[in-house]
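Please walk through this model with the structure open beside you.

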Amino acid sequence: MKKILAAFLVVAACFLLTGCGKVSKDTVVKKIDKKITNCDGYHVEANLELINNDDSYKYDVVVSYKKKDNYRVLLMNKTNNHEQIILKNKNGVYVLSPSLNKSFKFQSNWPYDNSQGYLLQSVISDLKSDKKLKMKKQKDGYVLTSKVNYKNNPSLTHQEVIIDKNYNIKSVTVLDDNLNAQIKVVYKSIDMKAKFGKNYFSLEKNMEVSKTDDDSEVKQTLSEAIYPMYLPQNTYLDKENVVDLENNGSRIILTFSGDNPFMLVEQTIAREEEMEVIPTSGDIDLFMDGIAFTSDSSVSWISDNVEYYLVSSDLSKSELLQVARSVSSMPLSK
């Protein structure tokens, strides 16, 4: 009897002192991964916030996924209600701008070549890939900390993922080297048994539905240029040219000279009568108040119905993006 009691006390001490029986970080990740891998489709609604210094850009995000490789990400800017959609189906990857009746088609490995805090697969992939993954138990679940891969913004180094006791992702916060939060995603609802209609992920259907709902006005003229607030060292504005366009719009060309020259083109955009599909190169990047298309030497994006194109053969990609992120005509949330 004494031997049995002694054995019981040893086991109890193991649980109390060394943590035997606690859920491990590997177990938590496996349970989340199993939920995502085994589902045929999911539907997610979330709030997304991008933080750029003291400025904040907020979105409503709706993500739909269907096996295999069908994604639809609707991003609604909360400041101006501008809507854009990232769509992936068997025909390729598209960025839809319904207010312009335009879609941009990419030869892209999106979303697998870059971390995406609003996609369940991307979050779990980062957790699984980090051999130094950290986990902290809290009252209602767990906090997992892992490395991330934001190749267009290498200052973003890791994420904190809050998991509830039922192994559901509740929020994702992406931080920089100085532990400053730069991206915040709060998941409002996750339906892991979502079903979708036959044409739900088709390009034509999404343009048709979204175009009907989009009532944003298209800007016809540019009253003045929007300048970058950041300039590389020994770089200055050299020329500013205004060109009238055939559709009564206008284009402003800003030429910056010096040690790190670049050109910034700003242009009003016209709504197309017929849906236009534009082949586009580069990467897709969530960027301030919209989606940007980035390459090693250029960045293009649409903000407040003005199209911007920034190009330089002298600036590094990170410095090019720093200049681009300093250009804003949007009223911002503080």
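A cavity here is a set of grid points where a 1.4 Å probe fits but cannot get out. Keep in mind that the model is predicted.

Searching the whole structure turns up four cavities of 30 Å³ or more. The largest cavity has a volume of about 80 Å³. Its lining consists of Ile32, Lys35, Ile36, Leu120, Tyr167, Asn168, Ile169, Ile190 and Met192. By class, that makes seven nonpolar, one polar and one charged residues. Helix 2, residues 25–38, gives the most to this lining, with three residues.

The second largest cavity has a volume of about 50 Å³. Around the second largest cavity sit Ser108, Trp110, Asp113, Asn114, Gln116, Lys151, Asn152, Asp283 and Ile284. Here the lining has two nonpolar, four polar and three charged residues.

Now look at helix 2 itself. Helix 2 has 14 residues and spans 20 Å from its first C-alpha to its last, close to the 20 Å expected at 1.5 Å a residue. Which residues of helix 2 are buried? They are Val28, Val29, Ile32, Asp33 and Ile36. Viewed down the helix axis, these buried residues fall within an arc of 125 degrees, so they line one face of helix 2. The face turned away from the buried side carries the exposed residues Lys30 and Lys34.

Next come the strands. Strand 1 covers residues 41–52 and strand 2 covers residues 55–66. The two pair in the antiparallel sense over 12 bridges. Within this pairing, leucine 50 has tyrosine 57 of strand 2 as its bridge partner. The hairpin of strand 1 and strand 2 has two residues between the strands. There, asparagine 53 takes a positive phi near 60 degrees.

Strand 2 also pairs with strand 3, residues 70–77. They run antiparallel, joined by eight bridges. Tyrosine 65 stands opposite tyrosine 71 in strand 3. Strand 2 and strand 3 form a hairpin too, with three residues between them. In that turn, aspartate 69 has a positive phi of about 70 degrees.

Turn to the open spaces. The largest pocket holds about 920 Å³ of space. It is lined by 38 residues, and the closest to its centre are Ile51, Asn52, Asn153, Gln182 and Arg325. Strand 1, strand 2, strand 11 (181–191), strand 16 (283–287) and helix 5 are the elements that give two or more residues to this lining. The lining divides into 20 nonpolar, 14 polar and four charged residues.

The second largest pocket holds about 320 Å³. Of the 18 residues that line it, Tyr112, Gln121, Ser122, Ile124 and Ser125 lie nearest its centre. Helix 2 and helix 3 (120–129) are the elements that give two or more residues to its lining. Helix 3 supplies the largest share, seven residues. By class, the lining of the second largest pocket has five nonpolar, eight polar and five charged residues.

Finish at serine 328. Serine 328 lies in the segment after helix 5 (317–325). Is serine 328 buried, partly exposed or exposed? Its relative accessibility is 28%, so serine 328 counts as partly exposed. Serine 328 and aspartate 304 are 24 residues apart in sequence. In space, the pair is 9.1 Å apart, C-alpha to C-alpha.

Conventions: Residues numbered from 1 in each chain as written. Predicted model: local features only at pLDDT ≥ 70, side-chain atom pairs only at ≥ 80, totals over all residues. Heavy atoms only, no water. Pairing = 2+ DSSP bridges. Helix = DSSP H or I, 4+ residues; strand = E, 2+ residues; numbered from the N terminus. 1 Å grid on protein atoms, 1.4 Å probe; cavity = no way out; pocket = protein on both sides within 12 Å on 5 of 7 lines; lining within 4 Å. Points joined across faces, edges and corners; volume = space filled by probe spheres on them. Nonpolar A, V, L, I, M, F, W, Y, C, P; charged D, E, K, R; others polar. Expected span 1.5 Å × (residues − 1). Buried < 20%, exposed > 50% of the residue type's maximum accessible area, 1.4 Å probe, protein only. Arc of directions from axis to C-beta.
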